[in-house]
Amino acid sequence: IVTENGSVTLDASAVEALAQDGKDVSVSVKKNADGSTTFDVSADNERADTAIKVELPAGDGQVVTVIHADGSEEILKKSFVENGKAYAEIPAGTTVKVIDNAADFLDVEEDAWYADAVDFASSHELFQGVGDGQFAPDEPMTRAMLATVLYRLEGAAVSGENPFADVADGAWYTDAVIWASEKGIVMGDGDGFAPMENVSREQIAAMLYRYAKELGLDTSGSASLSKFRDGGDTADWAKEAMQWAVSAGLFRGYEDGALNPKGNATRAEVATILMRLVKCIAK
């Protein structure tokens, strides 16, 4: 449903459920005086308890925020901006606004291949700089860092206990690792979690695959790894995940035809992969 203020997409099964017993289903997209937009769906004038996918005008480097009833704003981390439009999935009756929130980093050139991904990661507050105005795009990503980024993306809360002897209580990554372990997104290496070890590309694929399953995303896609000169180097335990990640466009390989499954991933690479993942979620 397209309006001048934004568009709404409803799942066919959701429409069928709302329209049961002959109810009239209505969709409204209201532009508010403060520049925010309220997306609503109702059945016989009662607000529907359903999720909807929305589009609204936005610019590069911007991010969608949810405006709560008390006036507070919260960044909608699972939103994506592309070609002048913001995409997100929200509950019916939600008010959102598009704002500028990207940070400028001294070590990220505007024409760098990862510049858009760094803007995305910083504007969504998934990544933080390393100090002194630096992003450190070429620095390797650790297992603790990736767990923390997914924890921020999910806006999760912790309820369990720390299962790893090498994960200190009260560390900056502790809650994230506990959450990721509870959800089956991360696993130990036999001796612990190894939080400070660099995360390999095949480990990233496995973690994102499990995370996608936790979200209920379609993970049935499977691309052949033989098109990469080193695709066969992918560990057996990571092949299914990597095949899905390649089919979903999260991993695209390097210019020399390598997939580099066992290589370390940089902060810039992970920011790029996460941007692609959120695009899959939001669109």
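**Close-up views of a predicted model**

View 1. Val 81 stands opposite Ala 86 in E10. In this predicted model, strand E9 and strand E10 (residues 85-91) are joined by four bridges in the antiparallel sense. Helix H7 (residues 267-282) packs on the sheet, where its contacts are with strand E6 (51-57), E9 and E10. The direction of H7 makes about 100° with that of E9, and this angle counts as roughly perpendicular because it falls within 65 to 115 degrees.

**View 2. The five-stranded open sheet.** The strands follow the order E1-E2-E6-E10-E9, and their pairing is antiparallel. The edges are formed by strand E1 (2-3) and strand E9 (79-82), each of which pairs on one side only. Strands of a sheet pair through backbone hydrogen bonds, in either a parallel or an antiparallel arrangement.

View 3. A hairpin of two residues joins E1 to E2. Two bridges hold E1 and strand E2 (residues 6-9) in antiparallel pairing, with Val 2 opposite Ser 7 of E2. Strand E2 also pairs with E6, again in the antiparallel sense, over three bridges. Here Ser 7 stands opposite Glu 55 in E6.

**View 4. Packing of helices H3 and H5.** The axes of helix H3 (residues 143-154) and helix H5 (residues 201-215) come within 11 Å and cross at roughly 20°. Because angles under 35 degrees count as roughly parallel, H3 and H5 are described as roughly parallel to each other. Their crossing is right-handed. On the H3 side, the contact is made by Arg 143, Leu 146, Ala 147, Leu 150, Leu 153 and Glu 154. On the H5 side, the contributing residues are Gln 203, Ile 204, Met 207, Leu 208, Tyr 211 and Leu 215. Classified by residue type, the contact of H3 with H5 comprises nine nonpolar, one polar and two charged residues.

**View 5. Thr 65 in strand E7.** Thr 65 lies in strand E7 (residues 62-67). Its relative accessibility is 2%, and Thr 65 therefore counts as buried, the cut-off being under 20%. Apart from neighbours within four places in sequence, Thr 65 is in contact with Glu 73, Glu 74, Ile 75 and Leu 76, and also with Thr 95, Val 96, Lys 97 and Ile 99.

View 6. Trp 113 is located in the loop between strand E11 (94-100) and helix H2 (115-123). With a relative accessibility of 58%, Trp 113 counts as exposed. When neighbours within four places in sequence are set aside, its contacts are Ala 268, Glu 269 and Thr 272. Trp 113 and Thr 272 are 159 residues apart in sequence, while their C-alpha atoms are 9.4 Å apart in space.

View 7. Seven of the nine residues of H2 are buried, so the helix is largely enclosed by the rest of the structure. These buried residues are Ala 115, Ala 117, Val 118, Phe 120, Ala 121, Ser 122 and Ser 123. The elements covering them include E7, strand E8 (73-75), E9 and H7. Just after H2, Glu 125 adopts a positive phi of about 60°.

Terms used: Residues are numbered from 1 along each chain as its sequence is written. This is a predicted model: local features need pLDDT of at least 70, side-chain atom pairs count only at pLDDT 80 or more; totals for chains, interfaces and linings use all residues. Side-chain values use heavy atoms; hydrogens and water are left out. Two strands pair if DSSP finds at least two bridges between them. Contact means heavy atoms within 4.5 Å. Axes are lines fitted to C-alpha atoms, for helices over the stretch in contact, and angles run from 0 to 180 degrees between N-to-C directions. Angles under 35 degrees count as roughly parallel, over 145 as roughly antiparallel, 65 to 115 as roughly perpendicular and the rest as oblique. A crossing is left-handed if the near helix is turned anticlockwise from the far one by less than a right angle, and right-handed if clockwise. Ala, Val, Leu, Ile, Met, Phe, Trp, Tyr, Cys and Pro count as nonpolar, Asp, Glu, Lys and Arg as charged, and the others, Gly among them, as polar. Buried means under 20% relative accessible area, exposed over 50%, partly exposed in between (1.4 Å probe, protein chains only).
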